[in-house]
Amino acid sequence: MPKRTKQSSRGKSHKDKRRVNPLRKIIAIAFLLLSVVLSLALVLAAYVEYLSPEKYALPALLGLVFPIIALFTIILFIALLFISPRYSVVSFVALLLSVPAMRQYCPINMGNDRLLTNRPGFSILTYNVYHYKDVDRELLGDEIDYNRTLQNIINADADIVAIQEKSSSNFQVNKRLHFTAEQLQEINRLYPYQILEPKGQILSKYPVRLVSDTIYTETAFTTVYEVDIEDRKVTVVNNHLQSIGLTKDDKELYVELTTKPDSIENKLGGAKSITRKLLRAFEQRARQVEAVDSLARSIGGNVILCGDINDTPNSYAYHVLKNDRHDTYLDLGTGPGYTYMANRMWVRIDYLLYEGDMQARYVNVIEKRSSDHYPVYAEFEWK
């Protein structure tokens, strides 16, 4: 009897094993299919920058969610290592192929140091000032009696300041914007050369002249300036490219959808409206960046392309502007370097790109919140 019991127990163990194995295999296959879908989406999102939204607008949406797709692919890859290691190969290959895009989103560099004072060069700040409105003014109350965005410019003390989304009031005492007489006096002392265009502004410690001013739409422009720095000419191409044009209601809906994804069914009409605006903006920016790139190439020499291009580091807009130029943050920065953090959107959309007889030696995204954008500061030296 004991012997039979032992055999029966062993038989039961084999049966349980046979039952478990098929279940594990089904789970592994399900994870494999999911990894195939995610991997395809990841690779497409990683290389969508090569597709012009004028011809293929829909894939550009994948580029916006590239970091999310990458994160889920990494999680799935780790899970497959435990469930079925051989099935993890698909995710691993996709992650390898997307490394260049990951680096564009989140570079890792060493040696990002300030220039020594005895080394000839110059500094520049690009800043979307959001009409000099303070996004946190209501929270601060009367604690701050000056304009924090204007103060950020003063504190940065850059040689050149390229400004987007300026206030129509220009630089004069303004109670509504909290411009103070002391701030304006300091701005005028620091920057004897100022060009205040209807769309953009440039402040400079060196002589500067306006070369051209192109207005694409109500929110998009490219303004070109020539700055004389130590007997060398530097062309600054200041950009604010097509924004999505989201209304206050759109932004509130986006926050709701990202907070409660299950509400999308009830808000389908609004979600479609936001998608249409995104696609239209992709198409408009494609035309605008091609014009900017062509303009910069026709000028040649020392050229800095800066400003708010309203698109991410693996977008077609960035790809066209970057091309064979240097990106100060990609070359020197570390981390995602978000320059816009509002309405549940965390993205790097403000850039300092350059070419010519100069080299960036330091870059900093100044994380001081007042505008809905952070300013980007860089120092250059002559080659």
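1. Before looking at the sheet, a word on terms: two strands count as paired if DSSP finds at least two bridges between them. Helices (H or I, at least four residues) and strands (E, at least two) are DSSP runs, numbered from the N terminus. This is a predicted model, where local features need pLDDT of at least 70 and side-chain atom pairs count only at pLDDT 80 or more, while totals for chains, interfaces and linings use all residues. Residues are numbered from 1 along each chain as its sequence is written, and side-chain values use heavy atoms, with hydrogens and water left out.

2. Now the sheet: six strands form an open sheet in the order 5-6-7-8-12-9, with mixed pairing. Strand 5 (208-215) and strand 9 (326-327) sit at the edges with a single partner strand each, so one side of each has no neighbour in the sheet. Further in, strand 7 (residues 232-240) runs parallel to strand 8 (residues 303-308), and six bridges join them. Have a look at V236, whose bridge partner in strand 8 is I304.

3. Helix 4 (residues 89-97) has S91, A94 and L95 as its buried residues (buried is under 20% relative accessible area, exposed over 50%, partly exposed in between, with a 1.4 Å probe and protein chains only). Seen down the axis, they fall within an arc of 100 degrees, so they line one face of helix 4; the arc is taken from the directions from the helix axis to the C-beta atoms.

4. On to the rings, which pair if the centres of Phe, Tyr or Trp (its six-membered ring) lie within 6.5 Å; planes under 30 degrees apart are stacked, over 60 edge-to-face, and the rest tilted. There are nine aromatic pairs in the structure. Y132 and F179 make an edge-to-face one, 5.3 Å centre to centre with 80 degrees between the planes. Y132 counts as buried at 1% relative accessibility, and F179 does at 3%. Y318 and Y351 pair in a tilted way, at 5.2 Å and 45 degrees, linking helix 11 (residues 316-322) to strand 12 (residues 350-355).
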